[in-house]
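Please keep the sequence and the structure in view while reading.

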Amino acid sequence: FQKLLKDCHAVFYKQLSAWFLHGTVRDFNAEFFIRQQVEATTPAESVDRNAGRQHFLIVHELVPPYIPHRLAEKILFIGEAVHMFTYKNENPIRGSFLGSEEDRFLHEIASLCDAEKFNLMTFEKVVDDFKSFIGKRLWDFAVNESSLLLHLKRMKDFFLLGRGELFQTFIEMGHDLMRSPPNKTTESDINLLFKQAAHKVFSDDDDGYRNYSLVIREDPTNIRMKLAWDVLGMECTVSWPLHILFTSSVLKKYNSLFKFLLRVKRVQMSLQRAWAQQMSLKCVERVDERLGALWNLRNRMAFLIDNFQYYLQVNVLESQYSILLAKIEDTKDFEVVCLAHDAFLSTIQEHAFLHLRLIYCGLDEIFGLSLQLCTLLSYGGLQLTDRDFSQA
């Protein structure tokens, strides 16, 4: 029985060797628990991937019962990373991704194959050795060669409204266009305005904004008429190999934060615009006395929104961003970077109350009422009825 088991393991180690060293699945009889899957990309993902790029998955029914699930996940991670770098742009690159370490790893796999019995601890040690090396190589590619820190800063500047002056300019320029429901030309019109706003804010040699664009994503299940602001989102192009960090699911999280933060910014600017109008009415002799209550309400709402905006940008975003950068600087393992980045986004969503439905709905209602108040105040009391004052 042991001889038969050793022969079976010999086949397994050959498959594992091809997977670890070259990122390929050589499994003519469908015995290996790693399978290749072809996925076509969609325009909505906006990630710089090749159409039909090869993906891999674990067939759990084929995983030997003595190999834990966590170990199978590590094996999948190693081979995917090697495949990604070996077959960049779907064509094999010269040289090995493992470099001078390839012979050492090949010897380790050969030692496993020569063993009389399968030893889980020895096997896991070899896998962990592979994984540690791969993590360091990925970290070096992402941080040093692909400018990960610069890309993270740009994601914060655009998706998280770190460049407040950019979006303040954009909101002012798109104020009239976005107050109506979207049509066929709205998306192209807003991107034109976005580029014009970026030209005003960024220097000529800073063209990072070209990788970011605004999109209109309407929900077909929602029959309620919405303004263009309500269905505005953002997309970006992620260069290879950073797409392994900025996956489509990660970009969805960024986009949900973008929509929320943009709404807060719009409400804040609307209240500021109403205050400017209030100052201009001080020179007018006849102003409806009942407007005083609305101006007081505006002041209170502005105080609330200004403090909430400060809390989001300073106490949440800047604080968590500093923590993320510190973790990236303290490690040489790409997996740790991925975990830190996921924690960064999850913490921001949590502290912005996006997952606390009761609080989120309350905030959303406050935002809506604040915008309605600003609309009433924009009339300057000239078109307000007694009913409007009573409702306010």
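In the protein chain, 75% of the contacts between residues at least 6 apart in sequence join residues at least 24 apart. The model is predicted. Its secondary structure comes to 12 helices and 4 strands. Buried residues account for 44% of the 392 residues in the protein chain.

**Surface and core**

- The protein chain has an accessible surface of about 21,400 Å², and carbon and sulfur atoms contribute 53% of that area.
- The largest nonpolar core holds 110 residues.
- Within this core, the residues that touch the most other members are F123, L148, F170, F246, Y254 and F260.
- F170 is in contact with I190, L193, F194, A197, L214, W229 and L232, once its neighbours within four places in sequence are left aside.

**Helix α4 against helix α10**

- Two packed helices are described by the angle between their axes and the distance between the axes.
- Helix α4 spans residues 120–145 and helix α10 spans residues 334–351.
- The axes of α4 and α10 come within 7 Å and cross at roughly 65°.
- Angles of 65 to 115 degrees count as roughly perpendicular, and α4 and α10 are therefore roughly perpendicular to each other.
- On the α4 side the contact is made by K131, G135, L138, W139 and A142, and on the α10 side by F334, E335 and V337.
- Sorted by class, the contact of α4 with α10 has 5 nonpolar, 1 polar and 2 charged residues.

**Helix α9 against helix α10**

- Helix α9 covers residues 291–330.
- The axes of α9 and α10 are 9 Å apart, and the two helices pack at an angle of about 170°.
- Angles over 145 degrees count as roughly antiparallel, and α9 and α10 are therefore roughly antiparallel to each other.
- From α9, the contact is made by Y311, V316, L317, Q320, Y321, L324, K327 and I328.
- From α10, the residues in this contact are V337, A340, H341, F344, T347, I348 and H351.
- By class, the contact of α9 with α10 has 10 nonpolar, 4 polar and 1 charged residues.
- V337 of α10 takes part in the contact with α9 and also in the contact with α4.

- H9 is found in helix α1, which runs over residues 2–22.
- The relative accessibility of H9 is 9%, so H9 counts as buried, the cut-off being under 20%.
- Not counting residues up to four places away in sequence, H9 touches Y66 and F118.
- K74 is part of helix α2, residues 69–86.
- K74 has a relative accessibility of 19% and therefore counts as buried.
- Residues up to four places away in sequence aside, K74 touches E124, V127, D128 and K131.
- K131 is also one of the α4 residues in the contact with α10.

- S147 is not a glycine, yet its phi is positive, near 55°.
- The place of S147 is the loop between α4 and α5, the latter covering residues 148–158.
- S147 is partly exposed, with a relative accessible area of 37%.
- F353 also has a positive phi without being a glycine, at about 65°.
- F353 lies in the loop between α10 and α11, where α11 covers residues 357–378.
- The relative accessibility of F353 is 22%, so F353 counts as partly exposed.

- K252 belongs to helix α8, residues 248–280.
- K252 counts as exposed because its relative accessibility is 65%, the cut-off for exposed being over 50%.
- K252 and G233 are 19 residues apart along the chain, and their C-alpha atoms are separated by 9.8 Å.
- N299 is placed in helix α9.
- With a relative accessibility of 32%, N299 counts as partly exposed.
- N299 and Q272 are 27 residues apart in sequence, and their C-alpha atoms are 9.5 Å apart in space.

Note on methods:
Residues numbered from 1 in each chain as written. Predicted model: local features only at pLDDT ≥ 70, side-chain atom pairs only at ≥ 80, totals over all residues. Heavy atoms only, no water. Core = buried A, V, L, I, M, F, W, Y, C linked by side-chain atoms within 4.5 Å. Buried < 20%, exposed > 50% of the residue type's maximum accessible area, 1.4 Å probe, protein only. Contact = heavy atoms within 4.5 Å. Areas by Shrake-Rupley, 256 points an atom, 1.4 Å probe, with all protein chains shown as cover. Axes fitted to C-alpha atoms, helices over the stretch in contact; angles between N-to-C directions. Parallel < 35°, antiparallel > 145°, perpendicular 65-115°, else oblique. Nonpolar A, V, L, I, M, F, W, Y, C, P; charged D, E, K, R; others polar.
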